[in-house]
Amino acid sequence: MGCWRGPRAVLVCLLLLRPPPSPACPAACHCSSSGEVDCSAHALREVPQNLATNTSTLWLGYNFITVLGPRSFPSLPGLLLLSLPHNRLGLIHHQALLGLGALQELDLSNNYLTVLTPETFLPLSSLVTLNLGSNRLEGLEPGVLRSLPQLQALLLQDNPWMCSCDILPLWRWLSHNREKVQEKNLLLCRVPEQLNKYPIMAFGNESFRQCQETSLSAWHYIVFLTIGPFSFMASIFFCTFMGFMTVVYHNLRRDYYCWRRPRICRGH
């Protein structure tokens with residue numbers, strides 16, 4: 001009731017009763033009160049930084065984002081879904097996704113990704129769904145997938161998989177996690193040519209028998225690199241020693257011959 005004692009008091013009361021301002025929304029995006037931010041198809045070249053901390057869903061598809069550098073995203077502790085399909089994304093820094101520990105779904109499909117490192121996804125301890133379809137991946141380190149303990153759905157279709165011995169670790173992971181792999185029939189070899197369009201999941205243990213028999217550990221390579229120069233030096237030493245012994249032998253033999261027949265040696 002005391003608010004009506006004067007104009008200044010009335011103004012103060014109105015300010016107190018006004019609802020708090022809504023969080024800022026990037027100019028190229030549409031934001032809803034539920035925490036959904038849609039920045040799709042606005043020719044963006046980087047992730048907007050002035051995102052509200054209560055953002056729960058972020059749509060960034062159909063833009064021109066080529067790189068996710070270190071800490072590309074502001075602190076978004078409540079972000080659950082991040083969608084980045086149909087960009088030109090070719091590189092993700094290993095610290096690009098820091099601060100997104102609550103993320104459950106990540107869509108990176110239809111981009112230009114060729115390599116992913118295990119460190120890239122380490123911050124995403126809650127990730128359930130990962131879509132890497134339609135990129136340029138020829139292989140995938142098993143450590144990338146082991147860094148996602150909660151992963152339940154993985155999409156890898158339409159990548160140019162190189163079905164050599166290097167794909168053995170990935171094939172093992174896929175074989176032991178078949179229930180997590182979506183669109184299994186679309187995981188096809190691209191090279192070598194004789195295996196073009198051959199389903200990766202159709203391989204069996206016998207397909208990699210030669211790889212398992214000839215695979216060498218790092219210790220083997222260290223031994224070979226050590227033995228090689230040592231063998232080379234030993235062969236040089238042996239040849240030098242044998243040449244020296246041959247010369248000594250011939251000199252001793254000549255001296256002995258001259259001792260037995262001194263007249264002949266004097267004639268020479």
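**Ground rules**

I number residues from 1 along each chain as its sequence is written. Since the model is predicted, local features need pLDDT of at least 70 and side-chain atom pairs count only at pLDDT 80 or more, while totals for chains, interfaces and linings use all residues; side-chain values use heavy atoms, with hydrogens and water left out.

**Confidence**

I started with pLDDT, the predictor's confidence in each residue, from 0 to 100. The protein chain has a mean pLDDT of 84, and 78% of its residues reach 70 or more. Residues 10-22 have pLDDT below 50, and I found three contacts in the model for this stretch beyond near neighbours in sequence. Contact here means heavy atoms within 4.5 Å.

**Sheet**

Next I looked up the strands. Helices (H or I, at least four residues) and strands (E, at least two) are DSSP runs, numbered from the N terminus. Two strands pair if DSSP finds at least two bridges between them. I found an open sheet of eight strands with mixed pairing, in the order E1-E2-E3-E5-E7-E8-E9-E11. Which strands stand at the edges? They are E1 (30-31) and E11 (181-182); each has a single partner strand, so one side of each is left without a neighbour in the sheet.

I then zoomed in on one pairing. Strand E7 (residues 105-107) and strand E8 (residues 129-131) run parallel and are joined by three bridges. Across this pairing, Leu106 stands opposite Leu130 in E8.

For burial I use relative accessible area: buried is under 20%, exposed over 50%, partly exposed in between (1.4 Å probe, protein chains only). The largest core has 54 residues, and those with the most contacts inside it are Phe73, Leu82, Leu106, Phe121 and Ile200. Helices H2 (142-146) and H3 each supply at least two residues of this core. The largest share, five residues, comes from H3.

I also listed the neighbours of Leu82. Not counting residues up to four places away in sequence, Leu82 touches several residues, including Phe73, Leu106, Leu58 and Asp107.

**Rings**

Rings of Phe, Tyr and Trp (its six-membered ring) pair if their centres lie within 6.5 Å; planes under 30 degrees apart are stacked, over 60 edge-to-face, and the rest tilted. My search of the whole structure gave three aromatic pairs. One of them is Trp171 with Phe208, tilted, at 5.0 Å centre to centre and 40 degrees between the planes. How many residues apart are the two? They are 37 residues apart, with Trp171 in helix H3 (residues 168-176) and Phe208 in the loop between strand E12 (189-191) and helix H4 (209-214). Trp171 is buried at 6% relative accessible area, and Phe208 is buried at 4%.

Tyr198 and Phe203 also make a tilted pair, with 5.0 Å between centres and 45 degrees between planes. Is Phe203 buried or exposed? Phe203 is buried at 12%, whereas Tyr198 is partly exposed at 33%. Ring pairs join Trp171, Tyr198, Phe203 and Phe208 into a cluster.

I checked for charges over rings too (NZ of Lys or CZ of Arg within 6 Å of the ring centre and within 35 degrees of the ring normal). The charged end of Arg136 sits over the ring of Tyr112, 4.2 Å from its centre.

Most residues other than glycine have a negative phi, and most peptide bonds are trans. I noted a cis peptide bond between Val191 and Pro192, with omega about 0 degrees. Pro192 is in the loop between E12 and H4.

Lys197 lies in the loop between E12 and H4 and has a positive phi of about 70 degrees. Lys197 is exposed at 62%. Leaving aside neighbours within four places in sequence, Lys197 is in contact with Leu188 and Cys189.

Asn110, in the loop between E7 and E8, has a positive phi of about 55 degrees. Asn110 is partly exposed at 30%.

How values were computed: Core = buried A, V, L, I, M, F, W, Y, C linked by side-chain atoms within 4.5 Å.
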